[in-house]
Amino acid sequence: MSKLRVFFIFSLVLLGVLLVFTVFRPMVSEEKCSTVGRESVIQGEDEWIIQFDIINKEGEESSYIINWSTGRETYTERVSIKDGGIFTYIHHVYPQTVKEGKVNLAIYKEGEPTPFEQATYYIRFD
Amino acid sequence: MVKMKLSCLRIVLCLAVVMGVCLFPSPVYAGATTGAADQTAYAVFQNNGGSVGTQIGLDSSPVNVEPGQYVFVCLQLNWTTVMKQRDMKGQWRTWGGTWQDMAAIGAGSSTAWEYWNSNYADHTVDAITAHFGDTNQKTYTFESDYPGYGGSYPTTNAVGKNESWFIIQAPENVGRYEIRWYDSESPYAPTTTVQIDITVVDYTSWGGIFYNKPGDTTEQTEAGTYANGLYAYLDEDNDGDPLTPGTAYTFYVNVHEWQGNAIASGGTLNITIPKQFTSVSLVDKADFYDAAVSGGGASDWTITGTNDSAISNAVDHLSFSATTPTEYFTNTNWEFDTRFTGTGGGGETVRYIVEAVVLVQAATWESYNDEAHTTVDDYFSTGEQTVYMFGEGFQASTAYHVAYYDGDNAKVLSDGVSSNSGGDLSSLCYFPTYQESAVIGTWHAVVYKDSVASPPETYIASDPNSVVEDSFEVTYEAIPEFPTVIAGIAVAGMCFGIYYWMRKRRLAYVKA
């Protein structure tokens, strides 16, 4: 059997497996969790933009609490995300709102005492 | 000697003849003189489609007209002698300036008063009724245009009180003027004893602010509004457009003397400004030495001041700055209640009241399909994967939250963003982020104040806690999904292509 034929058969098998995976998603973990994705920090004109997605993989609709603290102000946002849903949160940070250059973020799943995502951003304005 | 006596006698006789001839009336101007009269009253009227309209101001009182405005002027003249040319000429001058003849209509002068063509059919004698009651010929009217020499005025019955109507056009230049009429024959007569005090005021240049014009009785609940009265106006030409929200404007208040008489010092000026205006401060209070601003916050603003000297043939000014309200999403009128109470020349109480109205443009909040915010779009489909929200008229440099809700009213994005220093607010949402998770249909972009703890988790129509919202349609094409089946076919196609290419190469190699 030639190498070419082996490669062809292997390609077909791989394609079949991928097709099965994409249709039935057997590779998706059954673990139920919430994740933060597409997190980005962008420098704008006289501002910083912090952006991320909350992805709900809990298998059910879940509620989340997002807490922001900049030293000068705090803000709380509540959101309910259906299973498999994505919620995008964007926070614009301006020089006048930041004290000591720190922005604290904590994301809680409602009913849980500890955040499943926590971060501190050190912001500097030139 | 005898010859000498005869010569003297001839000289005396010649002188006697000359003197005698001179004693007889001229055969050419036998007894004629220029007309003489006293001007006893006047009234000015608006032009209503070519006919006499509403009277401007009061009888024999100063009036205000607009630049280029056509007005009807009715004079009541008490003629003591017959006019010579039986026609009259008009003159004008800026206040205290030099008299000039009125220009003929069509002269095209923006600076001179002009006669309007009075030969329209609807300006015939019958179209004009007597205005003043105390006339010898109440129904007599007379039109004059320039040059209109020779015979329009009656040859008889011209002595006594008559009404004469003129149609004139104001110049474009604003200012205070005097106008008068006289017999066209030189030397001019009559010498007018009362001249018309007429001020050209550019109302339209005061943008969204309106005020009681002299003679307007609609707001005279406490006292009459007089031609020499109280005026509130704006500092710039807005062409009648509403004012921009969230913008500081300078407003002026002028107190004129009262019916030509001085107003004593010690009068009180009160201006009430709605609390929705912000940053109210005095700009010029030189004529009101103790003027001060109070209020604000939960209360309306108040400016109170006292004129420190008599107002005599002059105007006292006060100006203040105020920032127009924001976050009103319909054009909104705001009233500045402006009142002055003083003491007139005869010890009488003078009360002026002006309900100045400021029209402020509505704030905006719209969805666009381009980053430059040039094309408003409420339907997002193929090639339109981002909605760019933009609005004007928000509070300047203020924190907001823009919440986006999908077709299932679920919150998919919250953007914590501040308006800029000009009160503009912008935000965007990229639809493909929500492939397989968001629902197409009617989406909503709702603006909440930062003080609101959190935009609600699901969309609330006309949420009283929101500032403003806008809706738009998001179609399937705006959230392009690359289906797995298509992906599989693409992968298979690529595999086949690679296999076919490699096989072709191998066969070519074997044949060689």
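This is a predicted model: local features need pLDDT of at least 70, side-chain atom pairs count only at pLDDT 80 or more; totals for chains, interfaces and linings use all residues.

1. Chain A has one helix and seven strands, and along its sequence the elements follow the pattern α-β-β-β-β-β-β-β. Chain B has two helices and 29 strands.

2. Burial and contact range. In chain A, 21% of the 126 residues count as buried. In chain B, buried residues make up 37% of 512. Taking contacts between residues at least 6 apart in sequence, 53% of those in chain A join residues at least 24 apart. The corresponding share in chain B is 72%.

3. An open sheet of eight strands, with mixed pairing, runs in the order β1(A)-β2(A)-β5(A)-β26(B)-β25(B)-β28(B)-β29(B)-β23(B). At its edges stand β1 (33–44) of chain A and β23 (379–380) of chain B; each has a single partner strand, so one side of each is left without a neighbour in the sheet.

4. The chain A part of that sheet. Strand β2 (residues 47–57) of chain A pairs with strand β5 (residues 86–93) of chain A in the antiparallel sense, over eight bridges.

5. As a general point, strands of a sheet pair through backbone hydrogen bonds, either parallel or antiparallel.

6. Strand β28 (residues 441–449) of chain B is joined to β29(B) by eight bridges, and the two run antiparallel. A445(B) stands opposite D470(B) in β29(B). Strand β29 (residues 466–474) of chain B also pairs with β23(B), here in the parallel sense and over two bridges. In this second pairing F380(B) has V474(B) of β29(B) as its bridge partner.

7. The interface as a whole. Contacts between the chains involve 25 residues of chain B and 26 residues of chain A. On the chain B side, β26 (411–418) and α2 (484–511) each supply at least two residues. The largest share of that side, ten residues, comes from α2(B). Sorted by class, the side of chain B that touches chain A has twelve nonpolar, eight polar and five charged residues.

8. Nonpolar cores. Which residues touch the most other members of the largest nonpolar core? In this core of 51 residues they are Y400(B), Y404(B), Y405(B), V412(B) and V447(B). Leaving aside neighbours within four places in sequence, Y405(B) is in contact with A410(B), K411(B), V412(B), W443(B), H444(B), V446(B) and Y459(B). In soluble globular proteins, nonpolar side chains tend to be buried together.

9. A buried glutamine. Q169(B) lies in strand β9 (residues 160–169) of chain B. Is Q169(B) buried or exposed? Q169(B) is buried, because 23 other C-beta atoms lie within 10 Å, and the cut-off for burial is 20 or more. Q169(B) and S110(B) are 59 residues apart in sequence, and their C-alpha atoms are 9.9 Å apart in space.

10. Strand pairs around β14(B). Strand β14 (residues 248–256) of chain B is joined to strand β13 (residues 230–234) of chain B by five bridges, running antiparallel. L230(B) has V255(B) as its bridge partner in β14(B). Nine bridges join β14(B) to strand β19 (residues 315–323) of chain B, again antiparallel. There, V253(B) stands opposite L318(B) in β19(B).

11. The four-stranded sheet of chain A. This open sheet has the order β4-β3-β6-β7, with antiparallel pairing. Its edges are β4 (74–81) and β7 (117–122) of chain A, each with a single partner strand, so one side of each is left without a neighbour in the sheet. Neighbouring strands of this sheet are turned by 15 degrees against each other on average, direction ignored. Strand β3 (residues 62–69) of chain A is joined to β4(A) by eight bridges, running antiparallel, and I65(A) stands opposite R78(A) in β4(A).

Technical notes
Residues are numbered from 1 along each chain as its sequence is written. Chains are lettered from A and ligands numbered from 1 in the order in which they are written. Two strands pair if DSSP finds at least two bridges between them. A residue is buried if 20 or more other C-beta atoms lie within 10 Å of its own, exposed if 12 or fewer, and partly exposed in between; C-beta atoms are placed from the backbone. Two residues are in contact if their C-beta atoms, placed from the backbone, lie within 7 Å. Ala, Val, Leu, Ile, Met, Phe, Trp, Tyr, Cys and Pro count as nonpolar, Asp, Glu, Lys and Arg as charged, and the others, Gly among them, as polar. A nonpolar core is a set of buried Ala, Val, Leu, Ile, Met, Phe, Trp, Tyr and Cys residues joined through C-beta atoms within 7 Å. Axes are lines fitted to C-alpha atoms, for helices over the stretch in contact, and angles run from 0 to 180 degrees between N-to-C directions.
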